[in-house]
Amino acid sequence: MPCLSPTEQLIAAIEAALAALPPGPAIVGYSGGMDSSLLLHCAARSERVRGRGLRALHVHHGLHPDADAWAAHARTRAQALGIACDVVRVRVDPRGQGIEAAAREARLAAFAEALSGGGAMLLAHHQDDQAE
């Protein structure tokens, strides 16, 4: 059995995870950071994943002065891979909770809306991230 590279292992894991789900688009939650960039790159290398209707979703929280630039970067990087990137602007209302919790709530609502017609959301996290 040939030894797979880490990239090939990740592609195989993405394909296996999606194979267990009903048909529908594969949507990568794409911040433009290293984790989600690697996930998007690997998903884009798979014809099986592309065949499901692969696209990226960047949530624009509007909380940082560079938020517009981050959204533009995400769109540009996705387009370079031949993948559409939807930028969804959300309203973050921290009343009654911290700003991070409010941003997470807004982000999860954007993901749920993107999945309202079916499909699978692919998210990338490193060990120090909070699980969503």
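Residues are numbered from 1 along each chain as its sequence is written, and side-chain values use heavy atoms, with hydrogens and water left out. Because the model is predicted, local features need pLDDT of at least 70 and side-chain atom pairs count only at pLDDT 80 or more, while totals for chains, interfaces and linings use all residues.

Select residues 6–19 to begin, which are the 14 residues of helix H1 (helices are DSSP runs of H or I with at least four residues, strands runs of E with at least two, numbered from the N terminus).

Next, colour Ile-11, Ile-14, Glu-15 and Leu-18, the buried residues of H1 (buried means under 20% relative accessible area, exposed over 50%, partly exposed in between, with a 1.4 Å probe and protein chains only). Looking down the axis of H1, you will find these residues within an arc of 95°, so they line one face of the helix; the arc is that of the directions from the helix axis to the C-beta atoms.

Move on to helix H2 (34–44), in which Ser-36, Leu-39, Leu-40, Cys-42, Ala-43 and Ala-44 are buried.

Finally, select Cys-42, which is buried with a relative accessible area of 0%, and then Cys-3, which counts as exposed at 76% relative accessibility. The structure holds zero disulfides (pairs of cysteine sulfur atoms within 2.5 Å); for Cys-3, the nearest cysteine sulfur, that of Cys-42, is 16 Å away.

Technical notes:
Expected span 1.5 Å × (residues − 1). Contact = heavy atoms within 4.5 Å.
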